[in-house]
Amino acid sequence: MKTGARTLIEALQREGVDTIFGYPGGVVLPIYDELYDSSIRHILVRHEQAAAHAADGYARASGRVGVCLATSGPGACNLVTGIATAYMDSIPIVALTGQVPTGLLGNDAFQESDITGITMPVTKHNYLVKDVADLDRVVQEAFYIARTGRPGPVLVDLPKDVTTSPAKSGGTVPETVSLRGYQPTYEGHVRQIDKALDLIARAERPLIYAGGGVVLSGASAELLEFMETAAIPVTTTLMGLGAIPGDHPLCLGMLGMHGTQSANYAVTECDLLLAIGVRFDDRVTGRIETFAPNAAVVHIDIDPAEIGKNKKVDVPIVGDVKAVLQAFLRRMKKRGDTANWVSKINTWKAQYPLGYCDDGRLRPQYVVEQLSDILKGEGIIVSEVGQNQMWTALYYCFKKPRTWITSGGLGTMGYGLPAAIGAHYARPDMPVVDVAGDGSIQMNIQEFGTVAQYDIPVKVVILNNMYLGMVRQWQELFYDRRYSYTELPPVDFVKIANAYGIEGLKVEEKDGVRGAIETALATDGPFVLDFRVEREENVFPMVPAGAAINEMIGVRQR
Amino acid sequence: MKQHTLSVLVENRAGVLSRVAGMFSRRGFNIESLAVGTCEEPNMSRITIVVNGDDGVVEQMMKQTNKLIDVIKVSDLTARESVKRELALIKVAAETGAARAEILQIADIFRALVVDVGAKTLVLQVTGDTGKIDALETLLRQYGIKELVRTGKIALLRGAKTVKSSK
């Protein structure tokens with residue numbers, strides 16, 4: 001007899017799902033029984049949060065929808081942080097959760113939680129399927145909503161009686177999804193595009209501020225062609241790293257709280273800001289009143305609600321970044337004369353390079369630089385959250401989109417290791433490295449178990465300073481060095497790795513860094529590197545909270 | 001800050017009201033009143049929401065509401081010619097004959113209906129715009145209002161124009 005569970009598996013196969021990250025439990029037994037001899041690969045994680053992050057990492061690395069599966073109650077609740085992470089960064093995942101039988105809904109039944117209610121604020125949409133006849137349609141809609149428009153997570157809650165009851169036969173699945181309440185705009189308005197091009201032709205100091213929307217839209221080639229044709233410098237957000245090659249002469253690196261000096265000065269002095277696939281996040285803008293104070297603002301985004309949300313916009317363009325940039329390229333007649341501006345920016349770049357005290361000590365920035373030098377952009381770099389994330393963003397040279405995977409909006413510690421697992425299944429051809437801190441790696445360290453079980457060749461680079469480093473940095477700078485609950489006792493990560501059957505190396509000297517990274521990358525399976533770095537190293541430059549982004553501390557001048 | 005009346009056409013599905021109301025509260029938008037019910041389309045409902053905010057805030061409210069998958073159309077009726085009505089039921093103390101006579105007179109002026117007569121109370125039903133109901137409430141307070149309930153505002157565009165599905 002074909003059941004709801006079988007219907008679900010077939011619907012997932014129709015959506016092209018090849019991998020599910022999950023954790024079994026009572027009410028999902030019927031689904032797991034169908035998975036047992038299905039062609040879909042299931043990766044058993046050690047905690048449901050990791051299933052959601054792995055689905056997210058899979059989606060970011062591949063551009064396809066990631067899928068995770070958990071049981072009702074605690075299983076579903078454990079997904080929430082992962083779903084919220086995906087929501088904040090507009091990542092397409094579909095989360096499948098078991099639910100108590102429909103007859104027990106609302107009864108405080110064993111392992112019941114109102115997961116559609118709980119996830120309403122952190123999903124693009126969610127469904128509680130009460131009738132097996134709706135399953136095909138709901139799964140199809142869920143994937144459609146997740147991947148189209150501004151992507152995002154969709155949750156589908158599946159009561160046990162729906163997955164066990166006989167499938168309703170004769171139902172045909174429509175070719176396309178049509179939702180009267182959901183019709184995203186892809187093509188930009190031509191008159192607005194021409195208005196923007198007119199500003200571009202007249203601008204003397206134009207700047208492109210590009211974000212995650214460029215990566216999500218697959219618009220890297222278009223952005224590169226446009227910036228080169230129009231000779232406009234580009235700064236990217238944390239989420240936009242890799243959208244264009246980091247070593248491109250027109251690339252200024254990251255802007256914002258830990259942005260480069262040249263990027264933040266360029267924003268402050270530009271007369272035209274082309275904001276592409278960005279949302280003027282507070283970590284980017286600093287004090288919003290002083291962000292790009294002299295600039296006319298053009299904002300391209302697929303989500304109309306982002307336009308004008310934080311910053312007043314002169315030319316709003318609602319549409320898919322790729323489609324709009326293609327229209328820019330087609331319709332551009334004249335470019336502005338930006339030679340003086342570009343030369344001013346080059347002066348800044350030469351005058352204010354990124355830097356740290358490169359002495360004989362083992363400093364975290366050096367580790368990231370060596371990693372960058374060895375991989376040369378040919379790998380996927382995942383990070384945790386905190387200083388490790390910012391040093392990686394600043395000192396690793398990203399060259400291609402979807403090679404940088406990090407939790408930007410939510411800033412989820414513990415994201416990196418499970419996301420790296422997901423990234424591996426999306427791109428088994430690429431080396432995957434998780435750059436971690438000793439704090440965040442311990443938030444999902446149980447995933448060493450998953451890595452070991454499936455021999456996933458993820459390399460974990462721990463920048464171990466025995467502190468919750470970013471919080472310690474704020475305490476040092478703004479709380480008079482009162483290190484309140486930010487010191488962590490030393491942990492022997494190599495021993496932990498070994499206990500799971502994973503190889504590892506502890507590195508305490510600068511001399512050992514490059515060799516250790518090469519050894520890890522040359523090893524077939526997973527590898528853990530425990531770098532004992534300078535404990536009180538800070539991430540600089542830095543814009544203090546509430547300051548304008550050109551008011552940086554910890555700056556260097558050549 | 002100006003008062004705006006938003007007309008929101010939604011799918012008539014479980015949880016829709018919760019999605020709309022939840023989005024307003026988590027984004028810190030205050031709802032003055034909200035009325036929801038079925039409408040001319042069989043599978044849709046119409047929600048009328050009254051909010052206070054400057055134009056930028058109200059624009060954000062409308063855009064964020066529109067993003068909800070179950071929301072079909074959002075319109076701001078404020079600047080357009082529309083009919084706006086509320087209904088209130090007011091239970092007022094009427095223990096003496098004199099009070100009772102005065103209340104009935106006031107009700108007559110406001111074209112309110114007496115829908116229940118008790119030994120010590122009257123229940124009045126009044127419809128109208130917010131100001132009219134506020135005025136009646138103020139006048140009746142001297143007699144002692146025992147209980148009061150208001151529906152929240154509902155509104156329709158005047159003339160042939162409609163707020164229909166076109167999103």
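Tutor: The domain bounds used here come from an automatic or database domain assignment, and the model itself is a predicted one. With that in mind, chain A is assigned domain 1 (4–164), domain 2 (190–351) and domain 3 (364–532). If we look at domain 1 of chain A and domain 2 of chain A, their centres, taken over C-alpha atoms, are separated by 36 Å, and the contact draws six residues from domain 1 of chain A and six residues from domain 2 of chain A. On the side of domain 1 of chain A that touches domain 2 of chain A, one residue is nonpolar, three are polar and two are charged.

Turning to chain B, the assignment gives domain 1 (2–80) and domain 2 (83–154), whose C-alpha centres lie 29 Å apart. Here the contact takes six residues from domain 1 of chain B and five residues from domain 2 of chain B. On the domain 1 side of this contact in chain B, strand 2 (31–38) and strand 3 (44–53) of chain B are the elements that give two or more residues, and strand 2 of chain B gives the most, with three residues. That side of domain 1 of chain B divides into three nonpolar, three polar and no charged residues.

There remains the contact between the two chains, to which chain A brings 14 residues and chain B brings 18 residues. The side of chain A that touches chain B is made up, by class, of seven nonpolar, five polar and two charged residues.

Methods:
Residues are numbered from 1 along each chain as its sequence is written. Chains are lettered from A and ligands numbered from 1 in the order in which they are written. This is a predicted model: local features need pLDDT of at least 70, side-chain atom pairs count only at pLDDT 80 or more; totals for chains, interfaces and linings use all residues. Two residues are in contact if their C-beta atoms, placed from the backbone, lie within 7 Å. Ala, Val, Leu, Ile, Met, Phe, Trp, Tyr, Cys and Pro count as nonpolar, Asp, Glu, Lys and Arg as charged, and the others, Gly among them, as polar. Helices (H or I, at least four residues) and strands (E, at least two) are DSSP runs, numbered from the N terminus.
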